[in-house]
Amino acid sequence: MDENNLPPCPECSGAYTYEMGALLVCPECGHEWSPGATTSSVGEGEAGVIRDAVGNVLADGDTVTVIKTLKVKGSPTGIKAGTKVRNIRLVDGVDGHDIDCKVEGFGSMQLKSSVVKKA
């Protein structure tokens, strides 16, 4: 594979993947996978299953917790790690944003399932 065209990590969507022998490795989360298996069971699976950052299956109406601080345009603080988001809705979002929700203090927005864990 051309090192400029390596796919992002299926676990954390990290862009700094590299080849190590026959495997691809993500230095951000340490996930290793074979290049032919870029669609992992984490994220959207074969049946459209959406999983959180630790692999739990998410469903409409679940409560999730944000696992890392997220920048929000127009906000000086952003969404802090540990913020609980109630009553999520799973959608086919743009650019990996597959959770539609209302975050208290920020309003309606979409989040990536890779930055939340089921509460």
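Author: Let's start with the cysteines. A disulfide is a pair of cysteine sulfur atoms within 2.5 Å, and by that rule the count here is 0 disulfides. Keep in mind that this is a predicted model, where local features need pLDDT of at least 70, side-chain atom pairs count only at pLDDT 80 or more, and totals for chains, interfaces and linings use all residues. Residues are numbered from 1 along each chain as its sequence is written, and side-chain values use heavy atoms, with hydrogens and water left out.

Reader: What makes Cys-26 buried or exposed?

Author: Buried means under 20% relative accessible area, exposed over 50%, and partly exposed in between (1.4 Å probe, protein chains only). Cys-26 has 1% relative accessibility, so Cys-26 counts as buried. Cys-29 comes out at 40%, so the label there is partly exposed.

Reader: Why is Asp-62 with Lys-118 called a salt bridge?

Author: The term asks for a side-chain nitrogen of Lys or Arg within 4 Å of a carboxyl oxygen of Asp or Glu. Asp-62 and Lys-118 meet at 3.5 Å, N to O, so they pass. Asp-62 sits in the loop between β3 and β4 (64–66) and Lys-118 in strand β9 (residues 116–118), so this pair ties together parts 56 residues apart in sequence. Strands here are DSSP runs of E, at least two residues, numbered from the N terminus. At 16%, Asp-62 is buried, while Lys-118 at 35% is partly exposed.

Reader: What is the N to O distance between Asp-100 and Arg-89?

Author: Their side chains meet at 2.4 Å, in a salt bridge. The structure holds 2 salt bridges. Asp-100 is buried at 17%, and Arg-89 is partly exposed at 46%.

Reader: What makes β1 and β3 edge strands?

Author: Two strands pair if DSSP finds at least two bridges between them. The open sheet has 3 strands in the order β1-β2-β3, with antiparallel pairing. β1 (18–20) and β3 (32–33) each have a single partner strand, so one side of each is left without a neighbour in the sheet. Strand β2 (residues 23–25) is joined to β3 by 2 bridges, and Leu-24 has Trp-33 in β3 as its bridge partner.

Conventions
Helices (H or I, at least four residues) and strands (E, at least two) are DSSP runs, numbered from the N terminus.
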